[in-house]
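I opened the model to look up the ligand site and one annotated span. My entries follow the display.

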Amino acid sequence: MAIKMVFGIQKGGCSKTTTSGIFAHQLLARGHSVLAVDMDSQGNLTELLTQRPANEFSDQSILEAFRDENAKPYIYHVTEQLHVLPANNLLATLPRLLYTMYGLTSNRVYTSLRELLEHIASDYDYIIIDTPPTLSEHTVSALVAADWVLVMFESSQWCYSAVPNFMDSVEVARKLNPTLQIAGIVRTLNDVRRTDNKEFNDLIAEDYPDLVFDTVIRRRAAAGRLAIYGLGDANPEMESALEQYAPLFEEVLNRVRQG
Ligand SMILES: Nc1ncnc2c1ncn2[C@@H]1O[C@H](COP(=O)(O)OP(=O)(O)O)[C@@H](O)[C@H]1O
Ligand SMILES: [Mg+2]
């Protein structure tokens, strides 16, 4: 059965998509099979991993998987080991679809992703789920479907304000998914020249001493350019972009395997 990990925080620009893509890549490099599930209508993870515009997946996306209650026909094979359940703009209409299908009060609005993934979880070692910058049905569904959540913390005031609310959403999701665990908080996008970044790193570590990972990820131009060149062999800067993620990857895997 796949280990399901979700990357979240209800704020944009916190490296959720970049980090989930890099994790998928690191898992592949270890010989694991990975399904990447894009729950963000921006389709950024879809584009990062498939190197195709998200619009090309209209009618062939995760939205149709929800509609048909069957993910398999909509899984795109990037390689034998890397599969993607893609998203595009239309995924913004997911709440309307789910409320129409299941009614306004049914828990199935939040458990339908979990059910979709249960049918295919035995095909993969890991399932990575990327989420949008909102505490919407998309994000709660992802939390209800996952085993582990990684909280992405860009070291700033507004992200600092977002974390307690995100933790509340984890609690809400636990009512439907009692075994959901927080793998940890990833401090990322640090600019070494900014003392306020360091202060927020320390603040979040004081608030959640058992949850922050030791590795702090820096803002590096090569990592930013992954969005352009992707994670494949065609990217000459891959090594320098990914270097700093290796110790974080080890920390995460240690926690996930022990838990
Ligand atoms: N370590 C990093 N160094 C530099 N740029 C980064 C890094 N991680 C992400 N980025 C860039 O920061 C922006 C936000 O990252 P993204 O992964 O899209 O965040 P989110 O999914 O949380 O909105 C993107 O332009 C991305 O390319
Ligand atoms: Mg994103």
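I took helices (H or I, at least four residues) and strands (E, at least two) as DSSP runs, numbered from the N terminus. This is a predicted model, in which local features need pLDDT of at least 70, side-chain atom pairs count only at pLDDT 80 or more, and totals for chains, interfaces and linings use all residues. Residues are numbered from 1 along each chain as its sequence is written, chains are lettered from A and ligands numbered from 1 in written order, and side-chain values use heavy atoms, without hydrogens or water.

Annotated span. I found that UniProt, in an unreviewed entry, places "domain: AAA" at residues 7-182; such annotations may be inferred rather than shown by experiment. I noted 44% helix and 15% strand for residues 7-182, with the end C-alpha atoms 10 Å apart.

Ligand contacts. I listed 15 residues around ligand 1, of which Gly13, Lys16, Thr17, Thr18 and Arg220 come nearest (a heavy atom within 4 Å counts as near). For polar contacts (N or O pairs within 3.5 Å), I read 2.8 Å from a polar backbone atom of glycine 13 to a ligand 1 oxygen. For cysteine 14, a polar backbone atom is 2.9 Å from an oxygen of ligand 1. A backbone N or O atom of arginine 220 is 2.8 Å from a ligand 1 nitrogen.

Shell. I saw that α1 (16-29), β8 (212-218) and α9 (221-224) each give two or more residues to the shell around ligand 1. The largest share, three residues, comes from α1.

How values were computed. Polar contact = N/O pair within 3.5 Å; in protein donor to acceptor, adjacent residues only side chain to side chain.
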